[in-house]
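Student: Could you help me read the aromatic rings in a model like this one? I would like to learn how to look at them.

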Amino acid sequence: MPVSQLYKRGDSGLAIQEFVQRLQGLGLLDKDHSDSFDQALDDAVRHFQQQRGLLVDGIVGPHTIRALDEAHWVLGDRLLTYQVSHLLRGDDIVTLQKRLTEMGFAPGRIDGIFGRQTFLAVQDFQRNVGLGADGTCGPATLSALDRLAKTVQGGAPTALREQAALSRLGATPAGRIIVVDAGHGGPDIGLSTGLCELSEADIAFDIATRIEGRLTALGASAFLSRPSDLDTELDEQTRAEFANQAGADLVISIHAESVDNAIANGVATYFYGTPTTHSTVGEQLAQLIQDEIVARTELLDGRVHDKTWDLLRWTTMPAVRVEIGYLSNPTDAARLADPGFRDAIADAIVIGVHRLFTEPA
Ligand SMILES: [Zn+2]
């Protein structure tokens, strides 16, 4: 739209045609209005100016033109990104900011400007629902917002946030897609010590299949990220891509540890996180799994930790990695060699997953 001119009653032309269309879109002008700047258009312009807090003079100048342009955007019309040098403005951003605020996120003032605070709030939201946290509001983020708008109502912001995180997952594991990632495989046997006849890759695959069986029995669609034998090594990014393609709701990765001394032992669970941001559902799942393993086995509690490992980072859904025992510790190694112990680990992990769905935060 031209921005340097003033338009008023009596004018006509292409620019007027655009004003008419914009005001019709906002429901301020009849659908069959002509392209002339008549009294009806003058009224509509004044109505619009009043709504927007502009000087009510019926004259369409730079401010009114910019406001008309901002007003015609509806959430979903365009990709909303954080453009530092030229901040996006519009009513679609007002809608986005309102929805984020309602759900307990903090986009800042509801001003229709996609600034840094809104960008950070979108990232926060994406992380909470297991989307890639790029801070851009596109189709996947919009559909997550739509889904949650229907389920999240009332309550304190923090509670809403947790609800937002979990409502995507539903009330039970049934019907959910869960990728179970057995670490290493093929030429990559992972860690191996003389203390256990099985390699880390063997142990991980054995536990992964036990988890898969139990999840399937619960009605979930469980997929292993790799077969028992591989010709080539499978890197973390490829595994993450597999989970993303499968549309997984969760990813559980199984590994074991080994260090240079025989004393270190225990289990630890990892989720995606940095000092400033983390996956809320990932952390919650990690804690549930960790708690169940520690309660059901003799393994020392190595607690949960945030990491930016590739599998955790590249997956677009909550993902955890469980490091079950130290193959360099004689006691842990003996435990891992025992099928009954591996069965107990699988049980603990599946109960942790079950609790994530059934016990809202
Ligand atoms: Zn490993």
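**Reading the aromatic pairs**

Tutor: Gladly! Keep in mind that this model is predicted.

Student: Which parts does the pair of tyrosine 82 and phenylalanine 119 tie together?

Tutor: Tyrosine 82 is in the loop between helix H3 and helix H4, while phenylalanine 119 is in helix H5, so the pair links parts 37 residues apart in sequence. Tyrosine 82 is partly exposed, with a relative accessible area of 26%.

Student: What about tyrosine 270 and tryptophan 309?

Tutor: Their pair is tilted, with 55° between the planes and 4.6 Å centre to centre. Tyrosine 270 belongs to strand E4 and tryptophan 309 to the loop between strand E5 and helix H11, so the pair ties together parts 39 residues apart in sequence.

Student: Are these two residues buried or partly exposed?

Tutor: Tyrosine 270 is buried, at 11% relative accessibility, whereas tryptophan 309 is partly exposed, at 28%.

Student: Which residue lies over the face of tryptophan 309?

Tutor: Arginine 321 does, at 4.4 Å from the ring centre. Elsewhere, look at tryptophan 73: the charged end of arginine 78 sits over its ring, 4.0 Å from the centre.

Technical notes. Residues numbered from 1 in each chain as written. Predicted model: local features only at pLDDT ≥ 70, side-chain atom pairs only at ≥ 80, totals over all residues. Heavy atoms only, no water. Helix = DSSP H or I, 4+ residues; strand = E, 2+ residues; numbered from the N terminus. Buried < 20%, exposed > 50% of the residue type's maximum accessible area, 1.4 Å probe, protein only. Phe/Tyr/Trp six-rings, centres within 6.5 Å; stacked < 30°, edge-to-face > 60°. Lys NZ or Arg CZ within 6 Å of the ring centre and 35° of its normal.
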